[in-house]
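Visitor: Please go closely through one part of this model, the contact between its chains, and then continue with the elements of each chain. I would like the cut-offs stated as you go.

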Amino acid sequence: MKIVYFSWLKEILGISEENVRPPKNIKNIKDLIKWLGTKSIKHRKVFLKSKNIRCSVNHQIVDKNNKIKNNDEIAFFPPFTGG
Amino acid sequence: MIKVQKQRINVSEQNRNLLKKRIGAVVNFIGVARPLNNSGKIKYIEIEHYPKMTEKKIKEIEVFASKKWKLNHCIIIHRYGKIKPGENIVYVGTAAQHRNNAFKACEFIIDYLKVKAPFWKIEQQNNKKTYVKSKKKDEKKIKVNY
């Protein structure tokens, strides 16, 4: 599973993407956020603020109950600020 | 027509492209990088985007607006990378038979771009970098799901 990060999430983590293999009981975005938050101190810092984080699965914006699969590209980012 | 690009937007060229269509009304919006924020002078802003998703999200907005307001033509260009104060950031141009539709579509497109297209801004000052936060008032404008 490919995880992509943008904006301040990328800066705190020091990486723009990573490949992960979550355990089988990780079924949706909410589970994934909890699990990713245990990966490192930096991850914990990022995912503690998960209320301010939006996400997409395969380039579609989804909510945190969205189910996930092993070959998904999942992105985490703050609300958009273009224009 | 949609473009996501690093270089400055040639506004005159885009307006000429819209005027070529020989229709009744052309409206455009140009977003410009501000020289100041609440804590002082801005050296430059930096815009990041999600390449695999950006054009797709802009296209959804363009398709919806073009259909709803019967546009004859629509141009949306958004920049990314480093942008200095005074430079353009985004261009929205709409062409329709009548001004009302061109105005409404242009306003809709820029409002939805702000909230639905995956861009993130940083304001760089002398010794400070700020991630721009989204505004509640922008999110409140979003009422249509397409």
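Guide: The contact is made by 13 residues of chain A and 22 residues of chain B, two residues being in contact if their C-beta atoms, placed from the backbone, lie within 7 Å. The model is a predicted one, in which local features need pLDDT of at least 70 and side-chain atom pairs count only at pLDDT 80 or more, while totals for chains, interfaces and linings use all residues. Residues are numbered from 1 along each chain as its sequence is written, and chains are lettered from A and ligands numbered from 1 in the order in which they are written.

On the side of chain B that touches chain A, the elements giving two or more residues are strand E5 (44–49), helix H2 (51–68), helix H3 (99–116) and strand E9 (119–124) of chain B. Helices (H or I, at least four residues) and strands (E, at least two) are DSSP runs, numbered from the N terminus. H3(B) gives the most to this side, with five residues. By class, the side of chain B has 13 nonpolar, three polar and six charged residues. Here Ala, Val, Leu, Ile, Met, Phe, Trp, Tyr, Cys and Pro count as nonpolar, Asp, Glu, Lys and Arg as charged, and the others, Gly among them, as polar.

E5 and E9 of chain B also belong to an open sheet of four strands, with the order E7-E5-E9-E10 and antiparallel pairing. Two strands pair if DSSP finds at least two bridges between them. Strand E7 (81–83) and strand E10 (129–131) of chain B are the edge strands, each pairing on one side only. From one strand to the next, the twist averages 25°; axes are lines fitted to C-alpha atoms, for helices over the stretch in contact, and angles run from 0 to 180 degrees between N-to-C directions. E5(B) and E7(B) run antiparallel and are joined by three bridges. Within E7(B), Lys82(B) is the residue opposite Glu46(B).

Elsewhere in chain B, strand E8 (residues 88–96) is mostly covered, with eight of its nine residues buried. A residue is buried if 20 or more other C-beta atoms lie within 10 Å of its own, exposed if 12 or fewer, and partly exposed in between. E8(B) pairs in the antiparallel sense with strand E2 (residues 25–32) of chain B over eight bridges, and with strand E6 (residues 73–79) of chain B, also antiparallel, over six bridges. Ala95(B) in E8(B) is the bridge partner of Val26(B), and Ala95(B) is likewise the bridge partner of His73(B).

The loop between H2 and E6 of chain B holds Lys70(B), whose phi is near 50°, a positive value in a residue other than glycine. Most residues other than glycine have a negative phi. Lys70(B) is exposed, because it has 12 other C-beta atoms within 10 Å.

Chain A has three helices and five strands, and its elements run β-α-β-α-α-β-β-β from the N terminus on. Its C-alpha trace spans about 35 × 30 × 20 Å along the principal axes. Of its 83 residues, 28% count as buried. Among the contacts in chain A with a separation of 6 or more, 49% come from residues 24 or more positions apart.

The strands of chain A form an open sheet of five strands with the order E2-E1-E5-E3-E4 and mixed pairing. Strand E2 (17–19) and E4 of chain A are its edge strands, each pairing on one side only. Neighbouring strands of this sheet are turned by 25° against each other on average, direction ignored. Strand E1 (residues 2–5) of chain A and E5(A) run parallel and are joined by four bridges. Ala75(A) in E5(A) is the residue opposite Val4(A).

In helix H2 (residues 29–36) of chain A, the residues Ile29(A), Leu32(A) and Leu36(A) are buried. They lie on the same side of H2(A) because they cover an arc of only 55° around the axis, the arc being that of the directions from the helix axis to the C-beta atoms. The buried residues of H2(A) pack against helix H3 (41–48), strand E3 (54–57), strand E4 (60–62) and strand E5 (73–77) of chain A.

His59(A) sits in the loop between E3 and E4 of chain A, and its phi is near 75°, again a positive value in a residue other than glycine. His59(A) has 16 other C-beta atoms within 10 Å and is therefore partly exposed.
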